[in-house]
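Work through the exercises below with the structure in view. Try each task before reading its solution.

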Amino acid sequence: MDIKDNTHRYIEWIDPEEMHRATILWLSEVKFMRDEQMFLNNLIKHYTVQLVDSKIFGKSKEIVSRLTDLEKEAISLMKKIQAHENKLEIMIDDIDQLELEKAYRDTHRELAGTIEHYKEEYMQIKSGLFSLVSNVIKKEKQKRLLN
């Protein structure tokens, strides 16, 4: 049996309270990542001169560009999560709307996958940026020690 099938079945039967908790958690995580992105932007601004060094410029440009894209995506993702949360009433209104409830669960599952993908990509970008800045800091320390 495929793991994806198990996840699908689990989400199909997830209750509204669990979906509510999940959406609140997702919103919190994305907001936290947005706050981190502001910190990362400040880090980039602080080390701009070093990051445009010809040896690492290509890598720096790619990371900064991807970070900018992720910032825009975070805003869109927060709106989707909030809209999803606002539609939770479909699941708890005591009215049998099987088509709408199924669509809500499907959307929940898709949103879970989208958020997981976003978090993975964000972690890669953050790690790459930290690695670049760490190397820049090491080079600066070496220069200071040699002078």
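**Exercise 1.** Find how the side chains of R109 and D106 meet, and say where the two residues lie.

Solution. Step one: look at the side chains. R109 and D106 meet in a salt bridge, 3.3 Å from N to O. A salt bridge here is a side-chain nitrogen of Lys or Arg within 4 Å of a carboxyl oxygen of Asp or Glu. R109 and D106 are 3 residues apart in helix α6, about one helical turn. Helices are DSSP runs of H or I, at least four residues long, and strands are E runs of at least two, all numbered from the N terminus. D106 is buried, at 16% relative accessible area, while R109 is partly exposed, at 24%. Buried means under 20%, exposed over 50%, and partly exposed in between, with a 1.4 Å probe and protein chains only.

This is a predicted model, in which local features need pLDDT of at least 70, side-chain atom pairs count only at pLDDT 80 or more, and totals for chains, interfaces and linings use all residues. Residues are numbered from 1 along each chain as its sequence is written, and side-chain values use heavy atoms, with hydrogens and water left out.

**Exercise 2.** Compare the salt bridge of R21 and E17 with that of K119 and E29.

Solution. Start with R21 and E17. Their side chains meet at 3.4 Å, N to O. Both lie in helix α2, 4 residues apart, or about one turn of the helix. R21 is partly exposed at 48% relative accessibility, and E17 is partly exposed at 43%. Now take K119 and E29. Their salt bridge is 3.2 Å, N to O. K119 lies in helix α6 and E29 in helix α2, so this pair ties together parts that are 90 residues apart in sequence. K119 is partly exposed at 23%, as is E29 at 22%. Last, widen the view. E29, E116 and K119 are linked in a network of salt bridges. The structure holds 8 salt bridges.

**Exercise 3.** Which side chain of opposite charge is nearest to E101, and how far away is it?

Solution. First, locate E101: helix α6, residues 98-146. Next, find the partner. The nearest side chain of opposite charge is R105, 4.5 Å away. E101 is buried yet has no salt bridge. For charges, Lys and Arg count as positive and Asp and Glu as negative; His and the chain ends are not counted. Then list the contacts, meaning heavy atoms within 4.5 Å. Leaving aside neighbours within four places in sequence, E101 is in contact with I90, M91, I95 and D96.

**Exercise 4.** Is I14 buried or exposed?

Solution. Begin with the position. I14 lies in the loop between α1 (3-12) and α2 (16-46). Then read the accessibility: I14 is buried, with a relative accessible area of 7%. Finally, check what touches I14. Not counting residues up to four places away in sequence, these are M19, R105 and H108.

**Exercise 5.** Describe the overall build of the protein chain.

Solution. Count the elements: 6 helices and 0 strands. Check the spans. Along its principal axes the C-alpha trace covers about 75 × 35 × 20 Å. End with contacts. Among those with a separation of 6 or more, 84% join residues 24 or more positions apart.
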